Amino acid sequence: MEFPDRLGLPRATAGQAVLRKEIPAKYKDLQFLGGGNTSVILAKDEETALVFTRDRMKAEWLLTEWGLGLGKHIEEFEGHLHPDEAARALNIIVVEMPRLYPLETKNRIAVRKEVFEFQRVMDKIRSRSSTDKLNELTEWYEENKPDSRFARLFEFLSNYSDEDINFDIATRQFLQTKSGEIVMVDPVASRDVLDVINQTGKRR
């Protein structure tokens with residue numbers, strides 16, 4: 001059986017909410033670790049990374065005790081070099097967190113199974129034209145998989161309305177600590193940042 005790699009915005013049409021040229025000069029000598037639609041990640045040192053994002057929901061997921069609670073807020077600044085006006089209106093948030101690493105094979109297999117299960121449950125809820133998808137997802141995981149990594153995510157998302165959330169569930173959103181613990185890094189995007197990504201992608 002093939003497991004889907006992602007659920008959310010197709011990469012082919014996606015823009016970027018943060019551009020590398022927007023990163024302040026004081027960070028220019030730091031190693032580029034990666035990035036995606038919502039963020040740029042630099043290595044502060046061998047143990048620590050800096051995440052630059054306009055997505056406040058993502059920052060709160062990384063920072064708060066009801067999310068991952070892995071990060072530390074460093075600063076916020078205005079980015080003036082993004083071509084999209086809506087992006088420039090959103091501050092760039094800098095989060096310091098432990099460096100994470102690609103999944104080992106056994107962890108990747110486990111994650112892909114969880115992603116597949118999430119899609120199966122989500123598709124079932126969508127087929128009923130539910131008006132409260134988040135609540136139904138939360139209830140399903142509470143009843144059937146209370147120890148799932150997704151249970152913590154839905155508890156975090158209870159602080160937001162359905163309209164604010166775009167799920168971006170994919171194996172690439174999972175990394176692991178140096179000790180091998182799986183971490184769900186970037187499972188959702190806020191609506192305002194999604195609008196920026198879509199608009200930027202249309203200009204490509």
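Predicted model: local features only at pLDDT ≥ 70, side-chain atom pairs only at ≥ 80, totals over all residues.
View 1. Residues are numbered from 1 along each chain as its sequence is written, and side-chain values use heavy atoms, with hydrogens and water left out. A pocket here is an open set of points on a 1 Å grid over the protein atoms alone, where a 1.4 Å probe fits and protein lies on both sides within 12 Å along at least five of seven lines.

**View 2. The lining of the largest pocket numbers 27 residues.** A lining residue has an atom within 4 Å of a point. Nearest the centre of the pocket lie Gly34, Gly35, Ile41, Arg172 and Leu175. Two or more lining residues come from each of β2 (31–35), β3 (39–43), β4 (48–53), β6 (92–98) and β9 (174–176). Strand β2 gives the most, with 3 residues. Sorted by class, the lining holds 13 nonpolar, 8 polar and 6 charged residues. For these classes, Ala, Val, Leu, Ile, Met, Phe, Trp, Tyr, Cys and Pro count as nonpolar, Asp, Glu, Lys and Arg as charged, and the others, Gly among them, as polar.

**View 3. Val51 sits in strand β4.** Strands (E, at least two residues) and helices (H or I, at least four) are DSSP runs, numbered from the N terminus. Val51 counts as buried because its relative accessibility is 3%; buried means under 20% relative accessible area, exposed over 50% and partly exposed in between, with a 1.4 Å probe and protein chains only. Leaving aside residues up to four places away in sequence, Val51 touches Ser39, Val40, Ile41, Lys58, Leu62, Ile93, Val94, Val95 and Met97, where contact means heavy atoms within 4.5 Å. Ile41 is 10 residues away along the chain, and its C-alpha atom is 4.6 Å from that of Val51.

**View 4. Lys58, one of the contacts of Val51, belongs to helix α1 (residues 56–63).** With 4% relative accessibility, Lys58 counts as buried. Beyond four places in sequence, Lys58 touches Thr38, Ser39, Val51, Thr53 and Asp186. Thr38 and Lys58 are 20 residues apart in sequence, and their C-alpha atoms are 8.6 Å apart in space.

**View 5. Helices α4 (residues 133–144) and α5 (residues 149–157) cross at roughly 145 degrees, with axes that come within 9 Å.** Axes are lines fitted to C-alpha atoms over the stretch in contact, and angles run from 0 to 180 degrees between N-to-C directions. The crossing of α4 past α5 is left-handed, a term for a near helix turned anticlockwise from the far one by less than a right angle. From α4, the contact takes in Leu134, Leu137, Thr138 and Tyr141, and from α5, Phe150, Phe154 and Leu157. These residues divide into 6 nonpolar, 1 polar and no charged.

**View 6. Two glutamates can be compared here: Glu142 in helix α4 and Glu117 in helix α3 (residues 105–127).** Glu142 is exposed, at 54% relative accessibility, whereas Glu117 is buried, at 15%. The C-alpha atoms of Glu142 and Arg152 are 10.0 Å apart, for residues 10 apart in sequence. Glu117 touches Trp140, Tyr141 and Lys145, not counting residues up to four places away in sequence.
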